Amino acid sequence: MKPILSILLTLWLSWGPGKEPLPSEANFLVSYEARVKLTQHGTQTTSESLKLYVNPKGSVFLDRKMDLKNKVMRKSLSPEERVRQISLIGHTRFNFIIRKDYQQHHTRFIAEHLNREYNAYDKVSMDSEDWTLTPGSDSTLLGLSVHQAECNFGGRHWVAWFTPEIPVSDGPYKFTGLPGLILQLNSTDGDFSIRVSGIERNI
């Protein structure tokens, strides 16, 4: 078993914005803000920032703080300074990274555990058959035309808003399979709400 930061660094170098062989004009970063209920029957919530890096072959989805830790790992620093900078970033609530491979149509989930080791598994990615489109649900978000779709996933019912104006079948967490990028995603039980906060192109 390897430390999670080692694995994340490997994934970053393979899929992150510093990878040059891929067309730079096709690479972009989607930022999301997630509101998560802390307990199943409570009302207190917490907010987290999440990142989705997309390129022609696939994507990497991770917590913003984990993203920052990856960037620290890429710097030429002494071990002491690296530990110091990582500690300043703070606790990472979502201790996982999700990599989607568009060509192989599979999703890899890598999770960190308390002993600083990780488990990883692959599964077939979601596709269009997992979703039901909602007729007459046209709207706009960030100036983009969006349409609504619903699905059952992970024991919850989800409502998504996606935009065909960005024809990438992807979105936050493990969600994919729609004819456009998912910009907003809500669980109908109110436990999770994820909304796009920005899109950076040509990174």
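Guide: Two strands are said to pair if DSSP finds at least two bridges between them; strands themselves are DSSP runs (E, at least two residues), numbered from the N terminus, as are helices (H or I, at least four residues). The model is predicted, so local features need pLDDT of at least 70 and side-chain atom pairs count only at pLDDT 80 or more, while totals for chains, interfaces and linings use all residues. Residues are numbered from 1 along each chain as its sequence is written, and side-chain values use heavy atoms, with hydrogens and water left out.

Let us consider strand β12, residues 192-201. Strand β11 (residues 181-187) runs antiparallel to β12 and is joined to it by 3 bridges.

Within β11 we find L183. This residue is buried, with a relative accessible area of 0%; buried means under 20%, exposed over 50% and partly exposed in between, with a 1.4 Å probe and protein chains only. Leaving aside neighbours within four places in sequence, L183 has contacts (heavy atoms within 4.5 Å) with residues including Y32, W161, F162, I194 and V196. The C-alpha atoms of L183 and H147 are separated by 9.9 Å, and the two residues are 36 residues apart along the chain.
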